[in-house]
Amino acid sequence: MSLEELFKEIIIEHYQHPKNQGHLEHPDAKSDGSNPLCGDEIAMELIFDGNVVRNVMFTGNGCSISQSAASLITEAIKGKTIEETRTIMNEYKNMLAGKEYNADILGDLEALSDVKRYPARVKCASLSVAVLDQALQQKK
Amino acid sequence: MDIERIRKDFPVLSRMVRDKKLVYLDNAATTQKPSVVIDAVADLYKNYNANVHRGVYLLAEESTQAYEDSREAVRRFINANSTKEIVFTRNATEALNLIAYTWGEANIHAGDEIVVSIMEHHSNYVPWFRLAHRKGAVIKIVPSRMDGELDMDAFKSMLSDKTKLVGIVHMSNVFGTINPVKEITALAHKKGAAVVVDGAQSAPHMKIDVRDIDCDFFAVSGHKMLGPTGIGALYAKESYLESMEPFLSGGEMILKVTLDSVVYNELPWKFEAGTPNYEGAIGLKAAIGYLEKMGMDTIESYERELTAYALEKMKTVPGIFIYGPLRAEKKGGIIAFNIKGVHSHDIGTILDSEGIAIRAGHHCAQPLMIDCGVSAMARASFYFYNTKQEIDSLVAALKKSKEIFGHVA
Ligand SMILES: Cc1ncc(COP(=O)(O)O)c(C=O)c1O
């Protein structure tokens with residue numbers, strides 16, 4: 001269990017220079033969440049185009065894991081259909097839970113795979129999907 | 001002080017963590033236990049376990065005696081007048097809630113003012129916040145100064161004839177600041193207000209004299225002073241306890257019950273409903289014995305030296321910001337900090353990989369976090385079994401965490 005595996009370059013890159021950070025005008029759905037124990041915060045805003053996530057942005061503050069996860073996951077789902085988005089989220093949850101997962105579907109998100117070995121940090125990595133879950137429920 | 005010999009008294013300190021020697025620097029959360037405490041608890045169960053204050057047989061006499069001896073140990077440790085003034089609770093939190101639900105419920109009314117500081121742990125804020133809500137009372141918050149000390153001018157200006165209660169943390173669990181509780185008590189008493197001192201962090205690390213402070217209530221947690229978890233104590237002046245209604249009710253807290261009348265037990269048992277945590281109390285007595293043998297003055301001066309050393313060394317970490325007083329004379333062995341570009345959780349994980357245990361998060365003091373403009377801090381907190389070498393390990397690991405996250409501005 002080495003730190004370099006947890007804090008991969010790509011994670012630190014997304015933490016220091018997050019993608020899709022900011023707000024959207026007139027989002028179709030928005031949601032936020034926090035981890036009360038550690039204070040990580042994530043808010044997500046989405047715009048849909050029919051069945052497709054046309055745009056997604058997040059704001060938040062917290063540790064490298066929670067913030068890089070938000071950056072990576074927004075990158076992963078932008079332009080995907082809702083169904084594809086749900087598949088990505090499920091594979092990601094499987095990965096964090098230590099179950100089998102499809103690496104091809106996850107792409108760069110697989111960088112967070114070592115988080116599962118740090119039980120105290122799984123919550124940090126899961127916050128974004130929990131927030132995204134809530135936001136997707138607003139899509140009729 | 002022979003630290004190496006002292007460390008041998010604490011079995012867990014010789015543990016390896018992730019192939020490294022454990023460096024335990026989360027003593028403000030809870031302290032490790034010496035063998036005498038572990039053995040005292042085991043001895044109860046091996047040799048004389050029986051419910052206290054109930055049996056007429058020898059085992060029950062012995063367990064009751066041990067339980068009440070522990071009360072005497074607590075009395076002596078904080079220099080209370082009488083064991084009638086020592087109520088065992090689960091922890092400091094329960095002690096503070098006991099005050100709010102008994103004395104507070106009867107004595108705080110609409111329009112009354114409760115003064116607490118911005119440094120309070122949630123356990124000395126939320127009970128008063130809720131009480132104020134129930135009663136329509138007003139809470140006033142004493143700010144801290146830029147140097148991490150309490151703003152005494154602001155405190156004085158907040159006191160008025162409406163002030164009914166002052167709640168103050170003796171040693172902040174974030175800043176480490178030692179607040180001038182004796183002066184605060186004298187000022188509050190002039191206005192006729194009762195004073196609650198949260199001693200959860202101070203009692204383990206410095207000599208406490210509740211008669212000298214003259215506070216009306218003082219709360220401690222056993223687990224932060226070498227004792228087992230689940231045992232704490234409330235000190236309250238006898239005159240207060242006499243006038244207060246019981247908190248919880250049931251067995252133990254009564255003298256006589258008929259179907260239409262109840263006579264409460266004498267002090268302090270009136271406030272101890274149900275089978276108490278006598279296991280915890282017996283462990284706490286052993287813990288107090290250990291501390292007294294070392295001497296609180298010795299502990300305080302060694303920890304001050306350690307804190308001064310840590311403050312000096314930690315300053316050399318690039319991008320570090322230390323919260324609270326920067327002079328060891330002003331504080332206990334608690335240092336909260338952040339490092340620019342490295343979130344405190346990440347610091348916590350990186351330190352853990354080196355076997356170093358610290359705390360990251362809001363430290364149950366969210367109003368203080370908000371006041372400092374952050375959502376989380378890292379915190380190293382010491383006890384007398386920590387060493388300068390351990391602080392060197394801490395500082396090296398902090399530098400490493402800065403390296404992992406690159407030298408961002
Ligand atoms: C200053 C202070 N007060 C109260 C408490 C509450 O202690 P307990 O959780 O043991 O009740 C703590 C514990 O962290 C503390 O640091």
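In the predicted model, helix α3 of chain A (residues 64–77) lies across β2 and β3 of chain A and runs at about 170° to β3(A). Contact here means heavy atoms within 4.5 Å; axes are lines fitted to C-alpha atoms, for helices over the stretch in contact, with angles from 0 to 180 degrees between N-to-C directions. Helices (H or I, at least four residues) and strands (E, at least two) are DSSP runs numbered from the N terminus.

The sheet in chain A is open and antiparallel, with its three strands in the order β1-β2-β3; strands pair if DSSP finds at least two bridges between them. Because β1 (29–34) and β3 (52–61) of chain A each have a single partner strand, one side of each edge strand is left without a neighbour in the sheet. Neighbouring strands are turned by 15° against each other on average, direction ignored. Strand β1(A) is joined by six bridges to the antiparallel β2(A), residues 41–49, and Ser34(A) has Glu41(A) as its bridge partner in β2(A).

Residues are numbered from 1 along each chain as its sequence is written, with chains lettered from A and ligands numbered from 1 in the order written. Local features need pLDDT of at least 70 and side-chain atom pairs count only at pLDDT 80 or more, whereas totals for chains, interfaces and linings use all residues; side-chain values use heavy atoms, with hydrogens and water left out.
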